[in-house]
Amino acid sequence: MSTGFTNNKAQKSQLIKWIYLKTNEKILIENFNSDFADGIALCALLDALIPGLCPRYDLLSHSNGFANISMALDLIKSYLKISTVLSI
């Protein structure tokens, strides 16, 4: 049975480029694993989608990934009304 999802490198590349452009070229993203691990890219994307939601993402510490991701998921739940399906 097919899930309808493909592991298409071109699609991933296009999404990475869109995120880069959406964040006003401030966050360099090359892959979804390591570049989203500290939560800063997610906070930057949230701020790009809803200006002012996470305005000081540039001050977040790379070494505080758990707190950064937790904050981003809380913002997603509160402001975008999207339930969290991930647990950290």
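Trainee: How near do the axes of α2 and α3 come, and at what angle do they cross?
Mentor: In this predicted model, the two axes come within 8 Å and cross at roughly 30°. Angles under 35 degrees count as roughly parallel, so α2 is roughly parallel to α3.

Trainee: Which residues make the contact?
Mentor: From α2, Ile40, Leu42, Cys43 and Leu46 take part, and from α3, Asn68, Met71, Ala72, Leu75 and Ile76.

Trainee: Is the crossing left-handed or right-handed?
Mentor: α2 passes α3 in a left-handed crossing.

Trainee: Staying with α2, how many of its residues are buried?
Mentor: Eight of the 10 residues in α2, which spans residues 40-49, are buried, so this helix is largely enclosed by the rest of the structure. The buried set consists of Ile40, Ala41, Leu42, Cys43, Ala44, Leu45, Leu46 and Asp47.

Trainee: And what covers them?
Mentor: The cover over the buried residues of α2 includes α1 (9-22) and α3 (65-79).

Trainee: Now α3. Which of its residues are buried?
Mentor: Gly65, Asn68, Ile69, Ala72, Leu73, Leu75 and Ile76 are buried in α3. They lie on the same side of the helix, because they cover an arc of only 155° around its axis. α2 is included in what covers them.

Trainee: Why would residues spaced like that point the same way?
Mentor: An α-helix has 3.6 residues a turn, so residues three or four places apart point the same way.

Trainee: Which exposed residues does the face turned away from the buried side carry?
Mentor: That face of α3 carries the exposed residues Phe66 and Lys77.

Trainee: What span does α3 reach?
Mentor: With 15 residues, α3 reaches 21 Å from its first C-alpha to its last, close to the 21 Å expected at 1.5 Å a residue. Just after α3, lysine 81 takes a positive phi of about 60°.

Trainee: Changing topic: where is isoleucine 16, and is the residue buried or exposed?
Mentor: Isoleucine 16 is in helix α1. Its relative accessible area is 12%, and buried means under 20%, so isoleucine 16 is buried.

Trainee: What does isoleucine 16 touch, beyond residues up to four places away in sequence?
Mentor: Isoleucine 16 touches Ile29, Glu30, Asn31 and Phe32.

Notes. Residues are numbered from 1 along each chain as its sequence is written. This is a predicted model: local features need pLDDT of at least 70, side-chain atom pairs count only at pLDDT 80 or more; totals for chains, interfaces and linings use all residues. Side-chain values use heavy atoms; hydrogens and water are left out. Buried means under 20% relative accessible area, exposed over 50%, partly exposed in between (1.4 Å probe, protein chains only). Helices (H or I, at least four residues) and strands (E, at least two) are DSSP runs, numbered from the N terminus. Contact means heavy atoms within 4.5 Å. The expected span of a helix is 1.5 Å times one less than its number of residues. The arc is that of the directions from the helix axis to the C-beta atoms. Axes are lines fitted to C-alpha atoms, for helices over the stretch in contact, and angles run from 0 to 180 degrees between N-to-C directions. Angles under 35 degrees count as roughly parallel, over 145 as roughly antiparallel, 65 to 115 as roughly perpendicular and the rest as oblique. A crossing is left-handed if the near helix is turned anticlockwise from the far one by less than a right angle, and right-handed if clockwise.
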